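Keep the structure open while reading.

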Amino acid sequence: MKLLELFGRLPAVIMYDLDGTLVDSVPDLAWSIDQMLSQLEMPTAGEDKVRLWVGNGVPVMVKRALADDMDGDLPGRVDEALFEKGYALFCDAYRASCGKYSDVYPGVVEFLTAMQAQGVKQAVVTNKSGNFTAQLLEGKGLTQFFSQVIGGDTLPEKKPHPLPLLHVVEQCGASVEEALMVGDSKNDVIAAKAAGIRVIGLPYGYNHGQPIKTAEPDWVVSDLSVLM
């Protein structure tokens, strides 16, 4: 396995981001955002904009959509009453669409299967809320691969804070030197570096329109299949 060449050995635990790393979930998210905006009698956004807004959790994405601006989550940009109404509408729509239009990226299932067969512990660390994370993993048939699933509301902090990664490593009885993070955004890289964990960046996901290499992960690979 080429992962052995990069890492020097098989990691004791591999942590993965979800949206943009394992699953292309923007089609679901964009459909739900546009449903929300339509019900609020606001212009719809479409997939291209939503791809830029994903990565910091649902509340931030909803605020960006309501403001039609990447900085829509800044204080004072979106009226709180509008946000509360929009957030509820989005959640209703996303409960119906989560996993419906999304696809698992090529090579993901094969890599997860290979790592599981080698006895590597695997976990999801995402900023997506726990209930939607569970729904998406279940809908895409990925739940079986992960001993831990950490959502954005599981712990007091979420990425780019290192706490979720350090929590997984501790629960697995591993050290940071034995751990690996795989993600598609600067939040994944920042969290991993803050935790002292090596990180692989994937270029096909959601990094607010910026190449993942600008975040300076330890390695960038085209997809997970090249590590096999």
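How many bridges join β1 to strand β4, and do the two run parallel or antiparallel? Four bridges join them, and the strands run parallel. The model is predicted.

Strand β1 covers residues 13-16. V13 and M15 point one way from the strand. I14 and Y16 point the other way. In a regular strand, side chains alternate between the two faces of the sheet. All four residues of β1 named here are buried, each with under 20% relative accessible area.

β1 also pairs with strand β6, again in parallel, through four bridges. Y16 stands opposite V124 of β4. M15 has M181 of β6 as its bridge partner.

**Enclosed space**

Rolling a probe the size of a water molecule over the atoms shows where empty space is left. How many cavities of 30 Å³ or more does a search of the whole structure find? The search finds one. The largest cavity holds about 200 Å³ of space. Its lining has 18 residues, and D19, V54, G55, N56 and G57 are the closest to its centre.

Which helices supply at least two residues each to this lining? Helices α4 (58-67) and α9 (186-195) do. By residue class, the lining of the largest cavity divides into five nonpolar, seven polar and six charged residues.

Definitions and conventions:
Residues numbered from 1 in each chain as written. Predicted model: local features only at pLDDT ≥ 70, side-chain atom pairs only at ≥ 80, totals over all residues. Heavy atoms only, no water. Buried < 20%, exposed > 50% of the residue type's maximum accessible area, 1.4 Å probe, protein only. Pairing = 2+ DSSP bridges. 1 Å grid on protein atoms, 1.4 Å probe; cavity = no way out; pocket = protein on both sides within 12 Å on 5 of 7 lines; lining within 4 Å. Points joined across faces, edges and corners; volume = space filled by probe spheres on them. Nonpolar A, V, L, I, M, F, W, Y, C, P; charged D, E, K, R; others polar.
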